[in-house]
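Subject: Handover of a structure for your review

Dear colleague,

Please find the structure below, together with its sequence.

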Amino acid sequence: MLYSAGTRSCTTMAATGAATKDGSVIFGKNSDRPINEAQPLCFFEARDHEEGEEVQCSFIRIPQVPHTYACIGSKPHVFFGFEHGINEHGVMIGNEQVSGREAPERRWGLIGMDILRLALERSDSAKKAVEIIGQLLETFGTGGDPETRIRPFNSNYVIADGEEVYLFESHQRSWAAKKVEKTGYLSNCYSIQSDYTWISEGALREAKEKGWISPQTEENDFNPAKAWTIDDCLFGESEGFVRYARLDRLMNGREPFTPKMMMDNLRDHYEGEALGQTIFSPAAAKIPCICSHPGGVSGCVTAASCVAVIRKDAPEELRFTYWSSMAPPCCSVFRPFYNVKWLPEDLQHADALYREQDPWWTFIELERYIALNYEKFEPKVKETFSSMENRFLEEAEYIEGNWNGDPQELKNFSARAASESFQAARALIAEIKGTLKTSDLDRMLISYFTQVSDGCGMPYDRAVIK
């Protein structure tokens, strides 16, 4: 394969009630992962556990807690943890991989996705999740398999509930957290400076002992971002700084935020900005964008996205609306799900090999055909999905505002939206296949299409795509 699993992207953002139109907290995340790593959307029930029980994480087992909360999570099929998810209490977390000053510990440990899921299962508030993540880091460390891990195996998080948002950044077992007043966001770089709300014990001492800061630095002057940021940044690691600068433009001075605005942020390709003007299509990915395509610099693709609307004063079932998208969101559509302890069954299945009946693989297949001629095929897909998504948003506003207390009404809406979007994606694939000519193909994207499709067993017409 031409594409490396060692590259990284991801973008997470949130607006507190002080910065949104209706006073809810609005959270957005693009999960950018290696090509062909399936990421279904899964639901896990609340459970009671026996004393002494352990939980098998991606690489290690750790002690289980007496009770775990129900949660929805976007779960790479090869791992225990989530890239992003929300629990029954409306605690929402998204993570970011980041390079730190030091190589990871040479021992087995948790990975950021494991920590994220464990925190959702154990936290009834955003503040509690900050505490849990800090405890897990300090106790078990992070990094996964010491034989294969790459150096950026530190993880940062945006943590939210219906009242509060926190940024959480870590370096090995040290961490800092900051409460967000209006908007907060992370990419694959450190950002918390001396305005942190909490910091782990020993973080300042370690930074002094290792020469990352002056020995005279006082705790009130300690800048974690400058202390922990890698000083020999590789090209792939610089992407996070580019996207962080873009987030600064998208998330500041644009209040009040709405769910649609957050969806548009996740689809961003620098529209209308000089930086985004290139001779290449977004599918070629020659500039690190928030909406990540796998054909260019990153080697990662936005595998799944979410926009969560989290409410502090609402019936339990309406505690959140979790808008889920699969594949790069500019090629997909957001569908609504609720706190009703349920998800459509087909959304929860996808693994390493392509299957037409899996919604995740269907939306990935559609993205790949769009990439073959983005300028020709994307406008039709955008027209179809924009109309559908706007209708879903209008229906959600009406249903949520006039809800009669019956959870089945919310389930029916979610099931219909999921089914309708899946059928539309299959129809768009068929339409593109029916009109595709060899002369249409963007030659820069053919190797991408054929190699990744062969790698997952996705069939295609080799007489045309060549």
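In what follows, an angle between two elements is taken between their N-to-C directions and runs from 0 to 180 degrees, with axes fitted to C-alpha atoms. Please note that the model is predicted.

Overall form

The protein chain contains 10 helices and 18 strands. Its C-alpha atoms fill a box of roughly 65 × 55 × 45 Å along the principal axes. For 466 residues, a compact globule would have a radius of gyration near 23 Å, and the 21 Å of the protein chain agrees with this.

The sheet and its helices

An open sheet is formed by 8 strands, in the order β3-β8-β9-β10-β11-β12-β13-β15, with antiparallel pairing. The edges are β3 (41-44) and β15 (198-199); each has a single partner strand, so one side of each is left without a neighbour in the sheet.

Helix α2 (residues 126-140) lies across β10, β11, β12 (165-171), β13 (174-179) and β15, and runs at about 5° to β12.

Helices that pack on α8

Two packed helices are described by the angle and the distance between their axes. Helix α8 (residues 374-401) takes part in two such pairs, one with α6 and one with α7.

The axes of α6 (residues 259-266) and α8 come within 11 Å and cross at roughly 150°. Angles over 145 degrees count as roughly antiparallel, and α6 and α8 are therefore roughly antiparallel to each other. The crossing of α6 past α8 is right-handed. In this contact, P259, K260 and M263 of α6 meet E389, N390 and L393 of α8. By class, the contact has 3 nonpolar, 1 polar and 2 charged residues.

The axes of α7 (residues 359-371) and α8 come within 7 Å and cross at roughly 140°, which makes α7 oblique to α8. Here F363, L366, Y369, I370 and A371 of α7 meet Y374, F377, E378, V381 and F385 of α8. The residues of this contact divide into 9 nonpolar, no polar and 1 charged.

With kind regards

Methods. Residues are numbered from 1 along each chain as its sequence is written. This is a predicted model: local features need pLDDT of at least 70, side-chain atom pairs count only at pLDDT 80 or more; totals for chains, interfaces and linings use all residues. Side-chain values use heavy atoms; hydrogens and water are left out. Two strands pair if DSSP finds at least two bridges between them. Helices (H or I, at least four residues) and strands (E, at least two) are DSSP runs, numbered from the N terminus. Contact means heavy atoms within 4.5 Å. Angles under 35 degrees count as roughly parallel, over 145 as roughly antiparallel, 65 to 115 as roughly perpendicular and the rest as oblique. A crossing is left-handed if the near helix is turned anticlockwise from the far one by less than a right angle, and right-handed if clockwise. Ala, Val, Leu, Ile, Met, Phe, Trp, Tyr, Cys and Pro count as nonpolar, Asp, Glu, Lys and Arg as charged, and the others, Gly among them, as polar. The radius of gyration is taken over C-alpha atoms; the globule rule is 2.2 Å times the number of residues to the power 0.38.
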